[in-house]
Amino acid sequence: MHQPTPPSTADDNRRLRDLPPWLPPTDDGPGRPPARAPRPASATARPAPGPRRATGLPPAHTALICVALPGLAISTEHGQLTGHGLEGFYRAGRRLLARCQVRVAGREPLAVQARMTGADSARFVGTVRVSPAAGPDPDVVVERTRHADGTERITLRSYAVHPLRLPLEVALATDLAELSAIASGAPGPELPATVHGSGLRWTTPSGTSWITADPAPADALASAGLLRWEFELPPGGTAGVELRVRPEGAGPPRAMGRAATSPLAPARAAGDDPGVAALLRTSIDDLEALLLRDPVHPSDTCLAAGAPWRCGLAPAEALAAARMVLPLGTRLAAGTLRTLARTQLSGPGPRAGMIPGPRRDAGAHLPPACTGTEATLLFPVLLAEARRWGLPEQETRELLPAAERCLTWLRTNAGDRTYLCDPDPGGPVRSETQAHAHRAALLGADLLDAYGRPGAAALRQWAQELGKAFRADFWAADRGGGRPVAALAPDGRPLALFGATAVHLLDTGLLGAGRPAAGLLDKVQTEQLARLLGGPAMDSGWGLRGMGAKEAGHHPFGHRSGAVRVQETALAVAGLAAAGYEKEAGGLLRGLLAAAEHFGHRLPEMFAGEQRSDGSAPLPHPAACRPAATAAASGILLLTTLVGIRPDVPAGTVVLRPVHSAPLGELGLTGLRVAGAPFSVRVSRLGLAMVEEAADGLQLGK
């Protein structure tokens, strides 16, 4: 979640080539949905009954959210769209249809089931008792299939023993409100409709929405917003209507992930744990649903942060997610890097070379952090690791100047200081920022050396000095063995707060020959960090808490003070496994996979950090995005961590470092991508890995 961007960075954010912002950056907590807009009794829209003040974001945790950007369809489990809260069909952040209520023979269907059938579709089933003599059994089943592209299919099935004459009525309305207005509790009144062809049309000065029906209705009443059909169904017969809602002048949205040009490989998983197949499949589906196309350079794709709140580009999260899904190929990484390189700040001054990004709330103990700092430090890391995974040489060379500018920004802003402040100047020295900077320096130096560019030695020297100082300044000794501190205040005082941001100290990055880069902690400190992350104060049993349960201000629903953030748990699993702490990694992994099962394997960005107990279930966070790019990408990282793929395509090798304890038993991953070719690997119950498919000429390293 993000704080409103300060004026000093407003110009930077306008450089982002993105969909129009759907919401102002916000750190509001969960809120109640706004009251339903009044239904007009005539063709004139009624004003809303007095001003409605924002009470927080409408809850999204119980919604079924179909995503195929720029389209969304948000529903409750009842299937009827009533205009309450977030319900409706959306395109590019505008609600095209708020209300779609079905009545059969004058009755609302009784909802019996609602489920997602894919990232972009949901199915709702209801029943109606039409015949008085039918007894307790319903004689009509109503099925509705709803898609993010603005399409809904309504099917009636008769199970009566005699023919039925069934009137079908669909009441429709919209406010054409922006999602930001809906989130603030002020969507506006329903608009008057006009009959348009085989449907209805709504117009405001800022846009027009229209809905068509196939077959055309027998009656269309603009004043009531009503379409009406009458069907005669024999026993066992069916009848159906298809509705399509569009903004005027637009066809169905072209969802990136459903096109033949999807940048993600269709990988599959199988193994002893039945959940791995569903986790990988759902993660890829959600990632494809969140793909955005750069409007100026449509061949480049990147990931939106998440739905429903953050359906635009968030640079740091787009880079982090692209990095986690490198096992699915390098095309997403390349598109993300090219898109963000075009936003890079130029000109003289200390901000030159920065990838702009909004501020992110950091909780009660620290001021908001600059996600532009994180994005700028992630850019050269993603490029360096994408090269190891097989990014073509020409594409790497084209992106190298942008990476060099990021590294120059790092050295300029660190200056003669040991540490990098965030926000700079005068901000605190954050532990995770130093981890990002250290990794960027080492992987950036490796990248510069590979192409004969200057500056590698200075980066390594600075990283070495940073590590030496960090091990002394950022470690708080205590009787339990000590722990890393969260930050240093501008006057040098440590903030001895322990939370999940410490996992970034384990995420050191990949160098050549399958070697992880050096980290900021020494061996003893790393061992102690592993013990802390695997302990009961941090491990909720469902994943890693954002803040330890014993820390002052801990709150299980606090998005920076105790909730489980899926990305941080996945990074902890990967970092602990790479450092050899398989017991702690396995515990966090099993907990998060158990949570994923409760969430239908569509992990939210966060959920409550309440302690797991027998028979319990993870508590959803009402303001969390689901799907979310980093959460979906975390599913990829978790499974590929178990097989331990460490490629070095420029050297023609790949090293396997599987988790030898095999916490999920046997696991096979097929259809991954290394060196642009299919890559398949299997890990046995004994923790032994074997490559089953790979690019020609790729050798297994040691």
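**Stop 1**

Select proline 627, which sits in the loop between strand S30 (606-607) and H13. Its peptide bond from arginine 626 is cis, with omega near 10°. Helices (H or I, at least four residues) and strands (E, at least two) are DSSP runs, numbered from the N terminus.

Some ground rules before moving on. This is a predicted model, where local features need pLDDT of at least 70, side-chain atom pairs count only at pLDDT 80 or more, and totals for chains, interfaces and linings use all residues. Residues are numbered from 1 along each chain as its sequence is written, and side-chain values use heavy atoms, with hydrogens and water left out.

**Stop 2: H13 and H11**

Select helix H11 (residues 566-579) and helix H13 (residues 629-643). They pack at an angle of about 20°, with their axes 8 Å apart. Axes are lines fitted to C-alpha atoms, for helices over the stretch in contact, and angles run from 0 to 180 degrees between N-to-C directions. That angle makes H11 roughly parallel to H13. Angles under 35 degrees count as roughly parallel, over 145 as roughly antiparallel, 65 to 115 as roughly perpendicular and the rest as oblique.

H11 passes H13 in a left-handed crossing (the near helix is turned anticlockwise from the far one by less than a right angle; clockwise would be right-handed). Now show the side chains in contact, meaning heavy atoms within 4.5 Å. On H11, pick Val566, Gln567, Ala570, Leu571, Val573, Ala574 and Ala577; on H13 they meet Thr630, Ala631, Ser634, Leu637, Leu638 and Thr641. The contact of H11 with H13 has nine nonpolar residues, four polar and no charged. Here Ala, Val, Leu, Ile, Met, Phe, Trp, Tyr, Cys and Pro count as nonpolar, Asp, Glu, Lys and Arg as charged, and the others, Gly among them, as polar.

**Stop 3: H13 and H3**

The angle is about 140° and the axes are 9 Å apart. That makes H3 oblique to H13. This crossing of H3 and H13 is left-handed. Val276, Leu279, Leu280, Ser283, Ile284, Asp286 and Leu287 of H3 make the contact with Ala629, Ala632, Ala633, Gly635, Ile636 and Leu639 of H13. The contact of H3 with H13 divides into ten nonpolar residues, two polar and one charged.

**Stop 4: the largest pocket**

Which residues lie nearest the centre of the largest pocket? Select Leu506, Asp507, Ala574, Gly575 and Ala578, out of 48 lining residues. The space in the largest pocket is about 1,100 Å³. H11 gives the largest share of the lining, seven residues. The lining of the largest pocket divides into 24 nonpolar, 13 polar and eleven charged residues.

On a 1 Å grid over the protein atoms alone, a cavity is a set of points where a 1.4 Å probe fits but cannot get out, and a pocket is an open set with protein on both sides within 12 Å along at least five of seven lines; lining residues have an atom within 4 Å of a point. Grid points are joined across faces, edges and corners, and a volume is the space filled by probe spheres set on the points.

**Stop 5: the largest cavity**

The structure holds nine cavities of 30 Å³ or more. Go to the largest cavity, with about 680 Å³ of space. Arg360, Glu432, Thr501, Arg560 and Glu568 lie nearest its centre, among 40 lining residues. Strand S23 (369-370), H6, H8 and H11 each supply at least two residues of that lining. By class, the lining of the largest cavity has 14 nonpolar, 14 polar and twelve charged residues.

**Stop 6: H8 and H9**

Select H8 and helix H9 (residues 456-473). They pack at about 155°, with axes 8 Å apart. That makes H8 roughly antiparallel to H9. The crossing of H8 and H9 is left-handed. The contact of H8 with H9 has eleven nonpolar residues, four polar and three charged.

**Stop 7: backbone exceptions**

Most residues other than glycine have a negative phi, and most peptide bonds are trans. Select alanine 307 and proline 308: a cis peptide bond joins them, with omega about 5°. Next, alanine 105 has a positive phi, near 55°. Finish at leucine 176, where phi is positive and near 50°.
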